[in-house]
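Dear colleague,

Here is the structure I said I would pass on to you.

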Amino acid sequence: MRLNLILISLLFTSLIFAQPRYDSDQGVGYIFNREPLVKVPFAQLPLGAIEPQGWILEQLNRQATGLTGNLDKVYTKVVGPRNGWLGGDGDGWERGPYWIDGLLPLAYLLDDEMLMAKVQPWIEWSIANQTDEGYFGPVPFEQEPPDEPGLQKTRRRDWWPKMVMLKIMQQYYMATGDDRVIELLTRYFRYQLETLPSTPLDTWSFWANRRGGDNMMVVYWLYNLTGDEFLLDLTRILNDQTHPYTDMFLKGDVLSSMFQFHCVNLAQGFKQPAIYYQQDPHPSHVEALQKGFADLRKYHGQPQGMYGGDEPLHGQGATQGSELCSTVELMFSLENMLQIFGDPVYADHLERIAYNSLPTQIDDQFTTKQYYQQPNQVKVTWGDHNFYTDNPHRLVYGTTTGYPCCTTNMHQGWPKLVNNLWYASLDSGLAALMYAPCEVNALVADGNRVTITEKTRYPFEDTIRFEIQTGQPVEFPLHLRIPAWCQQAVISVNGEQWESPKAGQIVRIDRTWSDSDRVELVLPMQIAIERYYKDATSIVRGPLVYALKIDEHWKYTESTEHPPGYYEVLATSPWNYGLDETVIKEPEKGFEVMENPAVSDYP
């Protein structure tokens, strides 16, 4: 993997350095790094440039009609009008911003004016209530309001929840080009530069210290827009005050131990070495990430791409929990790392999580969720389990079961995945690094607009078809990811085989494209066997981890206490099977693959 990173780095250092490019239709940019930051191969497209289709559109629609679009009605006392980020006397910490961090991209991906209207008051209040010093966000009460059941009033001055709102403001600008965002962030970052030396990230809680990479990420983004040099001084301070992840991963002692690190902090912290690498391109950051992921898989890895962490790290056991916040935050970290390094290993890991862990931890209608998920989950029941932080409702499905952080944070998973299906590439082309049905509308070359429709049922089939519309012939490179699990990929252009690329690389098709050109990528999926804790075995085919079909009964229990009702899931068919060892040794002979040609909109 290190060799791949070096080769990619050499490739892009040979390209012409690109200042931020702007989409004149939307007034927003394809924002690449300015000097002295290192060149990165890929940059996000404006929010809304990628239109979801097929099964992933259905997933977003279910979010819109489920909790994502209606959380203010269901969880009113926390994310309703009394929230501190709306000027109220309620929660002034992370939960409101968490919700908007997923609702905002969903609203603009669906072009849903009703959802946009729910987002806008959070944006307007933050902009309108910035202090003269540059601080923004809820302020401490002059006189504490009386306690009220269900009303959160926590940590209004903490640095951490501001980091979530920074991500929201970045996305809002990428969707609208509203210059007020630039002014707000510039003033706030000057405030941080002046204040952090005497009031560091861990002043009020340790969360900001563990999650400082989120703050740094938005500072670099703003620097690439404005070129204000004080922002690079700020990132040095933020890095110094953030947990030293590079050193931690290189030493390996924390990840090889149990209970020493919080699962969500780790999911967010993985991006920090990659984020700071842009300003400090030392090989140690790359080596740290390689070792960190290797140790995580070795000591805590689970088949669905996640790790035992309930809430501290808790080993590989197939009945150990994995928190939903960890799933969506690790996805977001991998999306950022993929842009910075251009290494397909991060996309492979991202799709393992997105197509296995995420969809099973939230119910089909997006109305309930699990706080913890187990790989071997033969029954979901109320009661005590072997979790490090345990209580009776940490496993069952509900709106606020477990801990409500996931109730508000889970919404970012699918919308941000859609917004990372395609990237602008530094060589003025486009890159498809994750695969799902969609259409992308973007600028290439010297500002030529192209539309590429991606027709596929991936990950439920192995063929991805790209239909290209250019208006006029235009030369630009098209980058396609070949997953490491695919040994016999085939690419054809207008029916003629282009090449048979190697596994685990990003291929570059550089040619003059014309209207109605077609590219077909076939990624044959082979059965593979993976071993885990105590010789536990998983069956994998392409990006999907397979599971035994168990008939199930969902049992609802009403409650007037916390949580206010929950579902248990019980097996109604046998589940305690084993796999014959001879089948495991020769999976291609031992298993039969049957493909259903009719895949539903919600597989």
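With which residue does lysine 167 form a salt bridge, and how far apart are the closest N and O atoms? Its partner is aspartate 101, with the closest N and O atoms 3.2 Å apart, where a salt bridge is taken as a side-chain nitrogen of Lys or Arg within 4 Å of a carboxyl oxygen of Asp or Glu. Lysine 167 lies in helix α7 (residues 159–176) and aspartate 101 in helix α5 (residues 95–110), so the pair ties together parts that are 66 residues apart in sequence; helices (H or I, at least four residues) and strands (E, at least two) are DSSP runs, numbered from the N terminus.

Before going further, please keep in mind that this is a predicted model, in which local features need pLDDT of at least 70 and side-chain atom pairs count only at pLDDT 80 or more, while totals for chains, interfaces and linings use all residues. Residues are numbered from 1 along each chain as its sequence is written, and side-chain values use heavy atoms, with hydrogens and water left out.

Aspartate 101 also meets lysine 416 in a salt bridge, at 2.8 Å from N to O. Since aspartate 101 lies in helix α5 and lysine 416 in helix α19 (residues 413–418), this pair ties together parts that are 315 residues apart in sequence. Relative accessibility is 3% for lysine 167, 0% for aspartate 101 and 5% for lysine 416, so each of them counts as buried (under 20% relative accessible area, with exposed over 50% and partly exposed in between; 1.4 Å probe, protein chains only). A network of salt bridges links Asp101, Lys167, Asp214, Lys271 and Lys416, and the count of salt bridges comes to 26.

Elsewhere, arginine 481 forms a salt bridge with aspartate 348, with the closest N and O atoms 2.5 Å apart. This pair links distant parts of the chain, with arginine 481 in strand β12 (residues 474–482) and aspartate 348 in helix α17 (residues 344–357), 133 residues apart, and both arginine 481 and aspartate 348 are buried.

Strand β12 belongs to an open sheet of 5 strands with mixed pairing, in the order β3-β7-β8-β12-β15, where two strands pair if DSSP finds at least two bridges between them. The edge strands, each pairing on one side only, are β3 (42–44) and β15 (505–513).

Best wishes
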